[in-house]
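Q: I have a model open and want to learn to read it. Can we go feature by feature?

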Amino acid sequence: MMYCPPSEGPKLVVPKRPPLPAGSQRTLYLLGLLSALKALTWVVLAQAVVSGIAALISAPESLTAALLLGTAAALARAATAWGIAVVARRTAAGAK
């Protein structure tokens, strides 16, 4: 902090952030999209668990649909987690 006369009050000097490197805005959008898809897969996976429990209680023959939904959500979640790791690794390698 810098000293200022009491009439003006203290002023905080905040340094400006450096500009983002070329291509990093696209990377941020891609990471945001993959993170949103990952969150969506958690919701679908939770829905599959609830549907599976309800199917076990009421109609065991409808359990197959819940299992397929859960399997698809788990595979999609694994793919998005892998995609996030790949994009982050490539971005870090390009920033060096």
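Q: Where does L75 sit, and is L75 buried or exposed?
A: Start with the fold element, then look at the surface. This is a predicted model. L75 lies in helix α2. Its relative accessible area is 60%. The cut-off for exposed is over 50%, so L75 counts as exposed.

Q: Which element holds T41, and is T41 buried or exposed?
A: T41 lies in helix α1. T41 has a relative accessible area of 9%. Buried means under 20%, so T41 is buried.

Q: Which residues does T41 touch, leaving out those up to four places away in sequence?
A: Leaving out sequence neighbours shows what the fold brings together. T41 touches A73, A76 and R77.

Q: How many helices and strands does the chain have?
A: Count the elements before tracing contacts. The chain has two helices and zero strands. Helix α1 covers residues 24-57. Helix α2 covers residues 63-95.

Q: What span does α1 reach, and what span is expected?
A: Take the first and last C-alpha of the helix. α1 has 34 residues and reaches 50 Å between those two atoms. That is close to the 50 Å expected at 1.5 Å a residue.

Q: Which residues of α1 are buried?
A: Read the list with the helical repeat in mind. An α-helix has 3.6 residues a turn, so residues three or four places apart point the same way. In α1 the buried residues are S24, T27, L34, T41, A48, G52 and A55.

Q: Take T27 from that list. What is its relative accessibility, and what does T27 touch?
A: T27 has 14% relative accessibility. That is under the 20% cut-off, so T27 counts as buried. Beyond residues up to four places away, T27 touches V87 and T91.

Q: Which residues make the nonpolar surface patch?
A: L30, L33, L37, L40 and V43 make a nonpolar surface patch of about 430 Å². L37 is one of them. L37 is in helix α1 and counts as partly exposed, at 37% relative accessibility.

Q: What about L45: where is it placed, and what does L45 touch?
A: L45 is in helix α1. L45 is partly exposed, with a relative accessible area of 22%. Its contacts, not counting residues up to four places away, are G70, A73 and A74. L45 and G70 are 25 residues apart in sequence. Their C-alpha atoms are 5.3 Å apart in space.

Q: What share of the chain counts as buried?
A: Finish with the totals. Of the 96 residues, 17% count as buried. The accessible surface comes to about 7700 Å². Carbon and sulfur atoms hold 71% of that surface.

Q: What share of contacts joins residues 24 or more positions apart?
A: Take the contacts with a separation of 6 or more. Residues 24 or more positions apart account for 59% of them.

Definitions and conventions:
Residues are numbered from 1 along each chain as its sequence is written. This is a predicted model: local features need pLDDT of at least 70, side-chain atom pairs count only at pLDDT 80 or more; totals for chains, interfaces and linings use all residues. Side-chain values use heavy atoms; hydrogens and water are left out. Helices (H or I, at least four residues) and strands (E, at least two) are DSSP runs, numbered from the N terminus. Buried means under 20% relative accessible area, exposed over 50%, partly exposed in between (1.4 Å probe, protein chains only). Contact means heavy atoms within 4.5 Å. Patches are made of residues with over 30% relative accessible area and no salt bridge: like charges are joined within 9 Å, nonpolar side chains (Val, Leu, Ile, Met, Phe, Trp, Tyr) within 5 Å. Accessible areas come from the Shrake-Rupley method with a 1.4 Å probe; for residues, only the protein chains shown count as cover. A salt bridge is a side-chain nitrogen of Lys or Arg within 4 Å of a carboxyl oxygen of Asp or Glu. The expected span of a helix is 1.5 Å times one less than its number of residues.
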